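Hello,

Here is the structure I promised to pass on to you. Please open it alongside this message, and my notes on what turned up will follow below.

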Amino acid sequence: MQPEEKRNFASPFTGVLCPITEAPDPVFAGKMMGDGFFVIPEDGAVLAPEDSTVDAVMDTKHAMGLTTRDGVEYLLHIGIDTVKLQGKGFTVFVKPGQVVKKGEKLLEFDAAFLKAQAPSDACLCVFPSLAEGKAVILNKEKHGKIHALDVAVQF
């Protein structure tokens with residue numbers, strides 16, 4: 001029997017790559033929404049990490065759900081408690097049902113505004129429905145610099 005192949009997944013964000021267990025929110029850190037990773041952002045750009053379909057965009061623009069071509073579901077969540085900002089500081093470029101290509105801009109946020117208004121500007125990428133026994137492994141050094149579209153994790 002061959003060992004199962006690992007799947008790479010790119011970062012939608014540029015900044016410092018961190019394990020989900022260090023997320024500044026107990027729900028995310030405890031993997032209650034699923035396994036994943038987060039990035040302390042260097043800028044406000046959020047790019048499609050893979051060719052995907054946009055499943056949902058929150059009315060408050062701080063989060064969206066997508067599915068890759070091969071069926072991996074992922075949630076992008078910008079900042080902690082940013083739902084309270086009611087969409088201020090966010091510009092969304094996609095809508096539900098839209099098919100996006102890797103590298104396409106999904107949303108943009110005002111990094112300075114977010115830093116000033118939210119408890120944290122951590123940008124999370126969570127996989128709510130990974131197969132049983134799958135775990136997200138950082139592809140780079142913990143707390144290392146990552147550029148958007150670089151491989152961030154394997155699972």
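**Aromatic residues**

At 1% relative accessibility, Phe127 counts as buried, because buried means under 20% relative accessible area, with exposed over 50% and partly exposed in between (1.4 Å probe, protein chains only). Before going further, please note that this is a predicted model, in which local features need pLDDT of at least 70, side-chain atom pairs count only at pLDDT 80 or more, and totals for chains, interfaces and linings use all residues. Residues are numbered from 1 along each chain as its sequence is written, and side-chain values use heavy atoms, with hydrogens and water left out.

A search of the whole structure finds four aromatic pairs. For these, rings of Phe, Tyr and Trp (its six-membered ring) pair if their centres lie within 6.5 Å; planes under 30 degrees apart count as stacked, over 60 as edge-to-face and the rest as tilted. Helices (H or I, at least four residues) and strands (E, at least two) are DSSP runs, numbered from the N terminus. Phe9 is buried as well, with a relative accessibility of 0%.

Phe9 also pairs with Phe155: the ring centres are 6.3 Å apart and the planes are at 40°, so this pair is tilted. Since Phe155 lies in the segment after β14 (151-154) and Phe9 in strand β1, the pair links parts that are 146 residues apart in sequence. Phe155 is buried, as Phe9 is. Together with Tyr74, the residues Phe9, Phe127 and Phe155 form one aromatic cluster.

**Around Ser52 and Glu50**

Tyr74 brings us to Ser52, as a polar contact of 2.6 Å joins their side chains. A polar contact here is a pair of N or O atoms within 3.5 Å; within protein, one must be able to donate a hydrogen and the other to accept it, and residues adjacent in sequence count only if both atoms are side-chain atoms. The side chain of Ser52 also reaches the backbone oxygen of Glu50, at 2.9 Å. Ser52 belongs to strand β5 and is buried, with a relative accessible area of 3%.

Glu50 itself is in the loop between β4 (45-47) and β5 (52-57). Is Glu50 buried or exposed? At 15% relative accessibility, Glu50 counts as buried. Leaving out residues up to four places away in sequence, the residues that Glu50 touches (contact means heavy atoms within 4.5 Å) include Arg7, Phe9, Tyr74 and Lys101.

**The nonpolar cores**

A nonpolar core is a set of buried Ala, Val, Leu, Ile, Met, Phe, Trp, Tyr and Cys residues joined through side-chain atoms within 4.5 Å. The largest one has 32 residues, and Phe37, Leu76, Ile78, Leu106 and Phe127 touch the most other members. At least two residues of this core come from each of β3 (35-41), β5, β6 (63-68), β7 (73-80), β10 (105-109), β11 and β14. Another core, of 12 residues, lies apart from it, and its members include Cys18, Ala29, Ile80 and Leu124.

**How the strands are arranged**

What is the order of the strands in the open sheet of eight? The order is β9-β5-β6-β7-β11-β3-β2-β13, with antiparallel pairing; two strands pair if DSSP finds at least two bridges between them. The edge strands, β9 (99-100) and β13 (145-146), each pair on one side only. Five bridges connect strand β2 (residues 15-19) with β3 in the antiparallel sense, and Pro19 has Phe37 as its bridge partner in β3.

Strand β14 has antiparallel pairings too. Three bridges pair β14 with β1, with Val151 in β14 as the bridge partner of Ala10. Two bridges join strand β12 (residues 137-138) to β14, where Val153 is the bridge partner of Leu138.

**An exposed residue**

Met32 is in the loop between α1 (26-29) and β3. With 61% relative accessibility, Met32 counts as exposed.

Best wishes
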